[in-house]
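Trainee: Please take me through this structure one part at a time. I would like to know how each term is defined as we go.

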Amino acid sequence: MSDAVFIVIERFDGKKRYSQEYTLARADVHNKTVLSTLIFIKEHLDPTLNFTAACRMAICGACGVRLNGQPIIACDTSMEDQLALYATNRVTIAPLANFKVISDLVVDWEPALENLRKVHPSLMARKEFSKEKGCRQSAGDMEKIADMWDCILCGCCASSCNKLSVNRADYLEPFVFNIAARMSVDSRSKDPMIHAKPAFDNGLWKCVHCQECANVCPKHIKPVEGISIMRNITVNRGLNQGKGPEHAEAFLTDMRDTGRLNEMKMALRTEGVTAMTRVGLAVNLLRRGKVHPTELLGNDPIKGQADFVRILDLAKADAKGKE
């Protein structure tokens with residue numbers, strides 16, 4: 001393999017975007033993280049390069065970037081490992097996606113932080129707690145939220161979120177939902193709806209379940225699970241109107257009735273007569289074998305339907321216990 005390593009960085013000078021390639025010797029990236037490589041470039045090749053970093057210990061989350069399209073924590077990612085992973089001597093480093101770029105690899109965090117403020121991210125303790133007694137909780141209750149507490153606000157989940165890439169205006173960043181869920185299920189919190197209701201009002205049911213937030217999180221947090229928890233909380237407290245909750249209820253009805261998803265009935269249950277206006281979509285589904293007209297007459301239950309219903313009931317009870 002060539003002794004040269006080529007680092008292509010997507011840059012932005014406030015007016016135009018462009019790519020700039022830097023040539024390094026392989027020795028220049030030996031035992032270096034991606035962040036150390038960026039620092040080397042800034043100190044030895046180009047002092048105009050802009051990026052953010054602070055702790056260099058994968059704690060602050062400030063150095064989130066994309067390498068070959070994948071969001072990473074630059075201070076916790078080996079450059080040599082990445083070159084080996086992609087079997088190449090050329091990689092591209094870019095700013096996080098789904099954020100406004102300010103300069104080079106620096107992005108604007110203020111809109112995301114404003115979204116975080118919407119869900120009231122601090123603990124509002126129950127009345128029985130006081131300054132003197134403190135806010136104690138059992139080890140078991142702490143275990144329920146321990147993983148959620150590991151979020152470092154690096155933005156990797158937001159960068160990979162497919163819903164945000166389509167429309168940021170009606171949705172919150174995955175890490176915002178994670179923090180809202182963390183506060184909602186904290187045993188010391190006086191009311192989970194303080195955090196879950198703003199999440200409901202800002203796209204809780206618009207997650208597309210792509211799982212990318214869980215796939216890329218450097219701390220192995222799964223914001224999508226927090227979203228599911230808050231959906232249960234809000235539905236159980238009466239926020240069960242709208243396409244999202246009604247679609248979920250229609251899906252559950254099919255599962256309990258037969259164990260089979262009935263696409264035609266589910267559309268009618270979710271959207272009512274307005275579903276009939278999308279004739280073109282229905283025709284395409286019929287042509288591709290996605291649905292069958294006889295489904296309107298009903299489906300036969302799957303084998304072991306009674307056992308399946310018992311599993312559903314156990315899952316519902318487990319979800320209730322996590323609130």
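Mentor: Domain bounds here come from an automatic or database domain assignment. The model is predicted: local features need pLDDT of at least 70, side-chain atom pairs count only at pLDDT 80 or more, and totals for chains, interfaces and linings use all residues. Residues are numbered from 1 along each chain as its sequence is written, and side-chain values use heavy atoms, with hydrogens and water left out.

Trainee: Into which domains is the protein divided?

Mentor: Along its principal axes, the C-alpha trace of the protein spans about 70 × 65 × 40 Å. The assignment divides the protein into domain 1 (4-94), domain 2 (109-237) and domain 3 (244-321).

Trainee: How many helices and strands does the secondary structure come to?

Mentor: Helices (H or I, at least four residues) and strands (E, at least two) are DSSP runs, numbered from the N terminus. By that count, the protein has 15 helices and seven strands.

Trainee: What percentage of the residues in the protein is buried?

Mentor: Buried means under 20% relative accessible area, exposed means over 50%, and partly exposed lies in between (1.4 Å probe, protein chains only). Of the 323 residues in the protein, the buried ones make up 41%.

Trainee: What area is buried between domain 2 and domain 3?

Mentor: Buried area is the accessible area (1.4 Å probe) that two parts lose on being put together, summed over both. Carbon and sulfur atoms give 66% of it at this interface, and the total between domain 2 and domain 3 is about 400 Å².

Trainee: Which three residues supply 74% of the area that domain 2 buries against domain 3?

Mentor: No other three residues on the domain 2 side supply as much. The residues are W205, N232 and N236.

Trainee: Which helix gives the largest share of the side of domain 2 that touches domain 3?

Mentor: The residues of that side divide into three nonpolar, two polar and one charged. Here Ala, Val, Leu, Ile, Met, Phe, Trp, Tyr, Cys and Pro count as nonpolar, Asp, Glu, Lys and Arg as charged, and the others, Gly among them, as polar. The largest share, three residues, comes from helix α11 (residues 223-236).

Trainee: How many salt bridges are found across the interface of domain 2 and domain 3?

Mentor: A salt bridge is a side-chain nitrogen of Lys or Arg within 4 Å of a carboxyl oxygen of Asp or Glu. A search of the whole structure finds 16 salt bridges. Across the interface of domain 2 and domain 3, the number is zero.

Trainee: Which residue forms a salt bridge with R11 at 2.7 Å?

Mentor: Side chains of opposite charge can pair when their charged atoms come close. R11 lies in strand β1 (residues 4-12), and its partner, 35 residues apart from it, is in the loop between α2 (34-44) and β3 (64-67). Both partners are buried. With the closest N and O atoms 2.7 Å apart, R11 pairs with D46.

Trainee: Which residue is linked with R11 and D46 in a network of salt bridges?

Mentor: The R11 and D46 pair is part of a network of salt bridges.

Trainee: How many of the nine residues of helix α9 are buried?

Mentor: The buried residues of α9 are M193, I194, H195, A196, P198, A199 and F200. They pack against α4, α8, α11 and α12 (243-257), where contact means heavy atoms within 4.5 Å. Helix α9 (residues 193-201) is largely enclosed by the rest of the structure because its buried residues number seven.

Trainee: What is the relative accessibility of E173?

Mentor: E173 lies in the loop between α7 (162-166) and α8 (174-185). Leaving aside its neighbours within four places in sequence, E173 is in contact with A112, N115, A158, L164 and R168. E173 counts as buried because its relative accessibility is 0%.

Trainee: What separates the C-alpha atoms of D191 and M124?

Mentor: D191 is placed in the loop between α8 and α9, and counts as partly exposed because its relative accessibility is 31%. D191 and M124 are 67 residues apart along the chain, and their C-alpha atoms are separated by 7.9 Å.
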